[in-house]
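Colleague: Before I plan around this protein, could you take me through the model and say on what each value rests?

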Amino acid sequence: MAYVVTEPCFGCRYTDCVVVCPCECFHEGEQMLYIDPEHCVDCDACVHECPVEAIFYEENVPEEWHGYIALNAEMASRCPQITERKEPLTGRPSQG
């Protein structure tokens, strides 16, 4: 099992999660990030850093986003690894 980046990341691509990942398992796509399930150690650190709550443990991915489990595995192998914070594609969600 691994953590999975889902729909809320699309078009946002915050990288707060990337910098806390101890195993550098994030990969950067054009519109979102992906987690390599082969390298994820299920540490849970990334989940709390995601401002749009896009990261779920594989068993807890909402049913409507189950396709993201396979998508993360596929795209992580095709996209470059990311280990540093970058500007997101969109502004921060409002706190309120």
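What follows is a set of questions and answers about the protein chain shown above.

Modeller: This is a predicted model, in which local features need pLDDT of at least 70 and side-chain atom pairs count only at pLDDT 80 or more, whereas totals for chains, interfaces and linings use all residues. Residues are numbered from 1 along each chain as its sequence is written, and side-chain values use heavy atoms, with hydrogens and water left out.

Colleague: In what order do the elements of the protein chain run from the N terminus on?

Modeller: Helices (H or I, at least four residues) and strands (E, at least two) are taken as DSSP runs and numbered from the N terminus. By that reading the protein chain has three helices and four strands, and their order from the N terminus on is β-α-β-β-α-β-α.

Colleague: What radius of gyration does the protein chain have?

Modeller: The radius is taken over C-alpha atoms, and the globule rule used beside it is 2.2 Å times the number of residues to the power 0.38. For 96 residues that rule gives 12 Å, and the chain comes close to it, so it is as compact as a globular protein of that length. The value for the protein chain is a radius of gyration of 12 Å.

Colleague: Among contacts between residues at least 6 apart in sequence, what percentage join residues at least 24 apart?

Modeller: A contact here means heavy atoms within 4.5 Å. Among contacts in the protein chain between residues at least 6 apart in sequence, the share that joins residues at least 24 apart is 73%.

Colleague: Is N72 buried or exposed, and which residues does it touch?

Modeller: N72 is found in helix α3, which covers residues 67–76. Buried means under 20% relative accessible area, exposed over 50%, and partly exposed in between, with a 1.4 Å probe and protein chains only; N72 has 1%, so it is buried. Leaving out residues up to four places away in sequence, the residues that N72 touches are V4, V5, L33, Y34 and I35.

Colleague: How many disulfides does a search of the whole structure find, and which cysteine sulfur is nearest to that of C25?

Modeller: A disulfide is counted as a pair of cysteine sulfur atoms within 2.5 Å, and the search of the whole structure finds zero. C9 is in no disulfide, with the sulfur of C50 as its nearest cysteine sulfur at 6.4 Å, and C9 is buried at 6% relative accessibility. C25 is likewise buried, with a relative accessible area of 2%. C25 is in no disulfide either, and its nearest cysteine sulfur, 3.5 Å away, is that of C21.

Colleague: Where is E24 placed, and is it buried, exposed or partly exposed?

Modeller: E24 has a positive phi of about 50° although it is not a glycine. Its place is in the loop between α1 (16–20) and β2 (26–28). With a relative accessibility of 43%, E24 counts as partly exposed.

Colleague: What phi does E53 have?

Modeller: E53 sits in the loop between α2 (45–49) and β4 (55–57), and at 62% relative accessibility it counts as exposed. Although E53 is not a glycine, its phi is positive, at about 55°.

Colleague: How far apart in space are E87 and P37?

Modeller: E87 lies in the segment after α3, and its relative accessibility of 68% makes it exposed. E87 and P37 are 50 residues apart in sequence, and their C-alpha to C-alpha distance in space is 24 Å.
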